Structures are given as C-alpha cells and as structure tokens.
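Good morning, and thank you for coming. I would like to take you through one protein structure, step by step, and I ask you to keep the picture in view as I speak.

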Amino acid sequence: MEVIQNNNKQPQIPYGGCLYNIQKECKTIIHWKCTKSSSMKCFCILNTNLNIDSVILFFIEHDYVHEMNENILSAVKI
C-alpha cells in the first residue's frame, strides 16, 4: 500500500477507491478513517501495522456508504 501526503503534509492511504486519514495510533495498529466520514457518514476504517514506510493492511471495519473512485490516487497526485 502506498502512503501519500495531503496538502497539510498529513499521511493518507488511497485504498479501494477511497482515501483514509490517520484516526488513531495504538500499540500494535494504526486506525485510518475514511475522508468521507463526516460528509457522507462513512464509518469505514482500515487497520494497518505501525510502519508507515511499509504499510500492511490487517483488516477493514464497517462497509462503505458511498461510491468508490478508482482513480482517486491519480486525482490526488495531480
């Protein structure tokens, strides 16, 4: 998985046509919440390892409530 930086230099993960921001870092995992969590009430959360340089997806919590944009990575990089 690729980690990119948003305009505020915060890490984001594009995955499955959505973007995720760090929600919280725990002892063994990082919780990433969907960027549409407030605007579309999407409660999808990715759980990854702690190493942001080499992110490994462990599991996904909840289902998406919005359409995916498979070109999100290209759009964000532009």
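Let me begin with a question: is K9 buried or exposed? Please bear in mind that what you see is a predicted model. K9 has a relative accessible area of 60%, and a residue counts as exposed over 50%, so K9 is exposed. Its place is in the loop between β1 and β2. The backbone here also deserves attention. Most residues other than glycine have a negative phi. K9, however, has a phi near 65°, a positive value in a residue other than glycine.

Let us now step back to the whole chain. The protein chain has 78 residues, of which 32% are buried. It contains one helix and six strands. Read from the N terminus, the order of elements is β-β-β-β-β-β-α. The accessible surface of the chain comes to about 5200 Å², and carbon and sulfur atoms account for 49% of that surface. Consider also the contacts between residues at least 6 apart in sequence: 32% of them join residues at least 24 apart.

β1 pairs with β2, residues 11-15, in the antiparallel sense over two bridges. In this pairing, Q5 has P11 of β2 as its bridge partner. The two strands form a hairpin with five residues between them, and K9, with which we began, is in that turn.

The next step is from β2 to β3. These strands are antiparallel and share four bridges. Q12 has N21 of β3 as its bridge partner. Two residues separate the strands of this hairpin, and G16 in the turn has a positive phi of about 60°.

We then pass from β3 to β4, which are joined in the antiparallel sense by five bridges. Y20 stands opposite C34 in β4. Here too there is a hairpin, with four residues between the strands. Beyond it, β4 pairs with β5, residues 45-48, over four bridges, again in the antiparallel sense. In that pairing, K33 stands opposite I45 of β5.

Let me stay with β4 for a moment. Why is β4 described as largely enclosed by the rest of the structure? The reason is that four of its five residues are buried.

This brings us to the interior. In soluble globular proteins, nonpolar side chains tend to be buried together. In this model, the largest nonpolar core has ten residues: I13, C18, Y20, I30, W32, C34, C42, C44, L46 and V55. Of the elements, β4 gives the most, with three residues.

C18 is found in strand β3. Its relative accessibility is 3%, and buried means under 20%, so C18 counts as buried. C18 and K36 are 18 residues apart along the chain, and their C-alpha atoms are separated by 8.4 Å.

The second example is I30. Which residues does I30 contact, leaving aside its neighbours within four places in sequence? They are I22, K24, E25, L46, N47, T48, N49, L50 and I52. One of these, L46, is itself listed in the core.

I56, F58 and F59 make a nonpolar surface patch of about 300 Å². Is F58 buried, exposed or partly exposed? With a relative accessible area of 43%, which falls between 20% and 50%, F58 is partly exposed.

Find K9, the exposed residue in the loop between β1 and β2. Find β4, with four of its five residues buried. Then find the surface patch made by I56, F58 and F59. Thank you for your attention.

Methods
Residues numbered from 1 in each chain as written. Predicted model: local features only at pLDDT ≥ 70, side-chain atom pairs only at ≥ 80, totals over all residues. Heavy atoms only, no water. Patch = residues over 30% accessible without salt bridge, like charges linked within 9 Å, V, L, I, M, F, W, Y side chains within 5 Å. Areas by Shrake-Rupley, 256 points an atom, 1.4 Å probe, with all protein chains shown as cover. Salt bridge = Lys/Arg side-chain N within 4 Å of Asp/Glu carboxyl O. Buried < 20%, exposed > 50% of the residue type's maximum accessible area, 1.4 Å probe, protein only. Pairing = 2+ DSSP bridges. Core = buried A, V, L, I, M, F, W, Y, C linked by side-chain atoms within 4.5 Å. Contact = heavy atoms within 4.5 Å.
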